[in-house]
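Me: I have a chain open in my viewer and would like to understand the terms used for it. Could you take me through them, one at a time?

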Amino acid sequence: MEPCTSCGAALAAEAQWCGQCYAVVGVPPTQVAAVAAPPIAPFGGGSIMSPARTAAAAAGPAPMVKTRWKKTATTFGPLGRIACTVALVVPFIVFVLLGVFTGGLVLAAPVIWGFVIMPWGLRDTWRAGSVPAS
Ligand SMILES: [Zn+2]
């Protein structure tokens, strides 16, 4: 049993990693650091960056504005949002009416819909998206 060379914690005899700092047992701390942090390829040197992407990166990110109405890559436009809202609200009204007419027999449906599904769906539907500022 020997202490960790990096943090001094007691190690099990067969341990290959320190349980405290995850240093490799038997390797000096400086060498561990070199292993843990491999050299990073120069920026733009890889083939991941296409010329168009590189140019866009050089120009800086386009100014974006948050919107709850415009259609974005991740959100609906106004019509889609209204359609989703109607699709969420109409069943709730139906469930409430059902609950009223059945004397509370199907109370679980409006409660689950009104307090779980509808808020969840509406939040997603009316989530703000980012669009390029024009
Ligand atoms: Zn350690």
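Reply: Gladly! The mean pLDDT of the protein chain is 78, and 72% of its residues reach 70 or more. This is a predicted model, in which local features need pLDDT of at least 70, side-chain atom pairs count only at pLDDT 80 or more, and totals for chains, interfaces and linings use all residues. Residues are numbered from 1 along each chain as its sequence is written.

Me: What makes something a helix or a strand here, and how many of them are in the protein chain?

Reply: Helices are DSSP runs of H or I with at least four residues, strands are runs of E with at least two, and both are numbered from the N terminus. The protein chain has four helices and two strands, in the order α-α-β-α-α-β from the N terminus on.

Me: Which elements have the lowest and the highest mean pLDDT?

Reply: H1 has the lowest, at 54, and helix H3 (residues 78-101) has the highest, at 91.

Me: Where is the kink in H4 centred?

Reply: The kink is centred on Gly114 and is about 35 degrees. The bend at a residue is the angle between axes fitted to the seven residues ending there and the seven starting there.

Me: Why are H3 and H4 called roughly antiparallel?

Reply: Axes are lines fitted to C-alpha atoms, for helices over the stretch in contact, with angles from 0 to 180 degrees between N-to-C directions. The axes of H3 and H4 cross at roughly 175 degrees and come within 9 Å. Angles under 35 degrees count as roughly parallel, over 145 as roughly antiparallel, 65 to 115 as roughly perpendicular and the rest as oblique. The two helices are therefore roughly antiparallel to each other.

Me: Which residues of H3 and H4 meet?

Reply: On the H3 side they include Leu88, Phe92 and Phe95, and on the H4 side Trp113, Gly114 and Met118 are among them. Two residues are in contact if their C-beta atoms, placed from the backbone, lie within 7 Å. Of the contacts in the protein chain with a separation of 6 or more, 40% join residues 24 or more positions apart.

Me: Why does Met64 count as exposed?

Reply: A residue is buried if 20 or more other C-beta atoms lie within 10 Å of its own, exposed if 12 or fewer, and partly exposed in between, with C-beta atoms placed from the backbone. Met64 has 12 such neighbours and so counts as exposed. Met64 is found in strand S1 (residues 64-67). Leaving aside neighbours within four places in sequence, Met64 is in contact with Ser130, Val131, Pro132 and Ala133. The C-alpha atoms of Met64 and Ala133 are 5.1 Å apart, although 69 residues separate them along the chain.

Me: What makes Arg68 partly exposed?

Reply: Arg68 has 13 C-beta neighbours inside 10 Å, so it counts as partly exposed. Arg68 sits in the loop between S1 and H3. Not counting residues up to four places away in sequence, Arg68 touches Trp126 and Ala128.

Me: Why is Tyr22 called exposed, and what is its phi?

Reply: Tyr22 has 12 C-beta neighbours inside 10 Å and therefore counts as exposed. Its phi is positive, about 65 degrees, although Tyr22 is not a glycine. Tyr22 lies in the segment before helix H1 (29-36).

Me: How much of the protein chain counts as buried?

Reply: Of its 134 residues, 6% count as buried.

How values were computed
pLDDT = per-residue confidence, 0-100.
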